[in-house]
Amino acid sequence: MFQKFLAGKTAVVTGSNSGIGLGIAHRLAAAGADVVLNSFTDRDEDHALADTLAREHGVNVRYIQADMSKGDECRSLIAQAGRCDILVNNAGIQHVAAIQDFPVEKWDAIIAINLTSAFHTTAAALPLMRAAGWGRIINVASAHGLTASAYKSAYVAAKHGIVGFSKVTALETAKEPITCNAVCPGYVLTPLVEAQIPATMKEYGLSRDEVIQKVMLERQPSKDFVTVEQLGDTTVFLCSDAAAQITGTAISVDGGWTAL
Ligand code: NAD
């Protein structure tokens, strides 16, 4: 879809050894960017992913282990990257429970990984972007950054928080060639969503297909999942000159969910 207009840029994508992060990394690499992949694990397959991406797209790709629940590791990820022209804050987890039963450690982990990590990586990346004279920050929020669902208190709070944080980042960089936006996907069939299917099947006595159609896609008017490729291309678009004046906004890629 896009030429290799990102050649010479380095993109750091947090939480990118699976799902949406990996999809975004592929599209950024296809557009010519060098990429830093990340997760908290340090397995052979994580490093193999970097090799595959580099081979497929002819760019430099590194895998850097860093736990996005820890502020010092968030900052060290950016320091180790050395350059960060494009920052994609994507790492995220989910837990579903009523507020009164919500485990405190799950609340803390979701706020740390889905929200606070972006504060740390952004604080570390902005000086590098300013030195390079160009920068793009894309925060992967969610339709749950704009609307709510019961039993997802920590996730909805974190995602609303990251939409707000994106606006503040945009205002603080408004006079510079740096933009910051939130991308708000509806349901995407990734491991994070797959993991919610068995519990929902059990809770409501539904088949897998019924969970997908009647529970997950119930609020997605398109009745279809968003794909990681579509989110990758949205991210690449936000890195293009066409998007230079798009900053501080939340871009919905949700099959009409938030139009309801
Ligand atoms: P996923 O589980 O496939 O990916 C999550 C990524 O985050 C993985 O690479 C995982 O290793 C990483 N991660 C988790 N904890 C981490 C930590 N402590 N440190 C570093 N990395 C960590 O899920 P996904 O669906 O691809 O989710 C990616 C992002 O998209 C999340 O922020 C999620 O909230 C958001 N999102 C997903 C959907 C969806 O329907 N799948 C919808 C809207 C928003």
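## Charges over rings

The charged end of Lys 9 lies over the ring of Trp 134, 4.2 Å from its centre. Arg 75 places its charged end over the ring of Phe 119, 5.5 Å from the centre. The criterion is NZ of Lys or CZ of Arg within 6 Å of the ring centre and within 35 degrees of the ring normal.

This is a predicted model: local features need pLDDT of at least 70, side-chain atom pairs pLDDT 80 or more, while totals for chains, interfaces and linings use all residues. Residues are numbered from 1 along each chain as its sequence is written, and side-chain values use heavy atoms, without hydrogens and water.

## Aromatic pairs

There are two aromatic pairs. Rings of Phe, Tyr and Trp (its six-membered ring) pair with centres within 6.5 Å; planes under 30 degrees apart are stacked, over 60 edge-to-face, the rest tilted. Phe 102 and Trp 107 have centres 6.4 Å apart and planes at 85 degrees, so they are edge-to-face. Phe 102 is buried at 10% relative accessible area. Trp 107, at 34%, is partly exposed. Buried means under 20%, exposed over 50%, partly exposed in between (1.4 Å probe, protein chains only).

Tyr 187 and Trp 257 are stacked, 5.6 Å centre to centre with 20 degrees between planes. Both residues are buried.

## Helix α5

Helix α5 covers residues 153-172, 20 residues in total. Helices (H or I, at least four residues) and strands (E, at least two) are DSSP runs, numbered from the N terminus. The buried residues of α5 include Tyr 155, Lys 159 and Ile 162. The buried set packs against α4 (104-132), β5 (135-140), β6 and β7, with contact meaning heavy atoms within 4.5 Å.

Technical notes
Expected span 1.5 Å × (residues − 1).
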